[in-house]
Amino acid sequence: MYILGIETSCDETAASIIEASTKEKKINILSDVISSSLPLHSKTGGIIPEVAARQQLKYIIPVIKESLERAKINNSQIDVLSVTVGPGLVGSLLVGIETAKTLSFAWKKPLIPVNHLIGHVYANFTGGIKPDFPSIALIISGGHTDLLLMENFGQITLLGGTRDDAAGEAFDKIGRLLGLSYPAGPLIEEKAKKGDPKSFNFPRPMINSKNFDFSFSGLKTAVWREVQKINKPNEKIIDNICASVQKAISDILLAKTLNAAKKYKIKSILLSGGVSANLTIQENFKLNIKRHLPAVKFFVPEKALCTDNAAMIATSAFYNYQPIPWENIKADPELYF
Ligand code: KG4
Ligand code: ZN
């Protein structure tokens, strides 16, 4: 079957067509088109919702059109539509949702609403990979840091989340303190390559707490204090701060994931979300999972599927096939688990 996925929860306008086989649970991404308004936001140091929504309106039709062209199929061949309904910015979400509803009505195709966060987890299954369940899934994005127990497809329980900033948000806010443009995650990763992760001993909030919650705002404050003390840090110091911050964030994420993995006796660990594109974090996970839980398999989506995309939305719709009448589909900016 052919599934069209539409994702417009934030600053990316994305459409993808996947070919999925129910029998073999095999997935083929035929097209994965993304138009990002990020360059506009890097100038303002963060996303301005009004600007993001206007860009969504401008690009939604061309992006969907291109996803059909690249997949070399026409709309009559599409079997089902899927769209992100939350969480996200309401103005951005509405553009994708109203477009999907209109197409569902006009093309007479069923429509599946998708939780963006669950979509991130399913980025791990875009190739049709079937991990051994139960799994621990860690979503690390700009808006969320969530640790989940996944007992099977469609069976997800929230174990813990962030009490303040998300991991990506911590990267972005700390980057801002260091004068880096938005989004700072990839820039911090680059600078960290030249720095020493042991040069600053930044705190690792809640790393030893018994629960599976996270907190990153104390780390941000510690970096702010350090930057105030140094007053105009040079390039070398900035590289060292970046390496130390990245290590602190990575250590917290890893410790909580390993604790959950041991507690629930799981068979695989799934990373997802923009921060999981970070190769140093991936390496830290790979190495320590092998060392502490050698029987546990580790999965992370390919780089382009870590950040927001529509292939993950279509894939999530395939594994959780629950169409609902378009009249009943609404945006839910606060949607969670
Ligand atoms: O999943 P995503 O594309 O969007 C949300 O749903 O939030 O995640 C975006 C976040 C941003 O905070 C960005 O700084 C972070 O992911 N990010 C990274 C890297 N690439 C993106 N953080 C650390 N290292 C990276 N390489
Ligand atoms: Zn996301």
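Me: Let me start with one residue. Where does Pro134 lie?

Reply: Pro134 is in the loop between α4 and β6 (135-140). Those labels are DSSP runs numbered from the N terminus: helices are H or I runs of at least four residues, and strands are E runs of at least two. Keep in mind that this is a predicted model, where local features need pLDDT of at least 70, side-chain atom pairs count only at pLDDT 80 or more, and totals for chains, interfaces and linings use all residues. Residues are numbered from 1 along each chain as its sequence is written, chains are lettered from A and ligands numbered from 1 in the order in which they are written, and side-chain values use heavy atoms, with hydrogens and water left out.

Me: Is the peptide bond from Phe133 to Pro134 cis or trans?

Reply: It is cis, and its omega is near 0°. Look next at Tyr182 and Pro183, which are also joined by a cis peptide bond, with omega about -5°. You will find Pro183 in the loop between α5 and α6.

Me: Phi is another angle I could read. What is the phi of Lys72?

Reply: Lys72 has a positive phi, about 55°, although Lys72 is not a glycine. Its place is the loop between α2 (49-71) and β4 (80-86).

Me: Now the strands. How many bridges join β2 to β3?

Reply: Strands count as paired if DSSP finds at least two bridges between them. Here, ten bridges link β2 (residues 12-21) with β3 (residues 26-36), and the two strands run antiparallel.

Me: In which sense do β7 and β8 pair?

Reply: Strand β7 (residues 145-152) pairs with strand β8 (residues 155-161) in the antiparallel sense, over six bridges. Opposite Asp146 you will see Gly161 in β8. This hairpin has two residues between the strands, and Gly154 takes a positive phi near 80° there.

Me: Which residues come nearest to ligand 1?

Reply: A residue is near the ligand if one of its heavy atoms lies within 4 Å of it. Of the 18 residues around ligand 1, the nearest are Gly142, Asp172, Glu189, Gly274 and Asn278.

Me: What polar contacts does ligand 1 have with His116, Gly168 and Asn278?

Reply: Such a contact with a ligand is a pair of N or O atoms within 3.5 Å; within protein, one must be able to donate a hydrogen and the other to accept it, and residues adjacent in sequence count only if both atoms are side-chain atoms. A polar side-chain atom of His116 is 3.3 Å from an oxygen atom of ligand 1. A polar backbone atom of Gly168 lies 3.2 Å from a ligand oxygen. For Asn278, a side-chain N or O atom is 3.1 Å from a nitrogen atom of the ligand.
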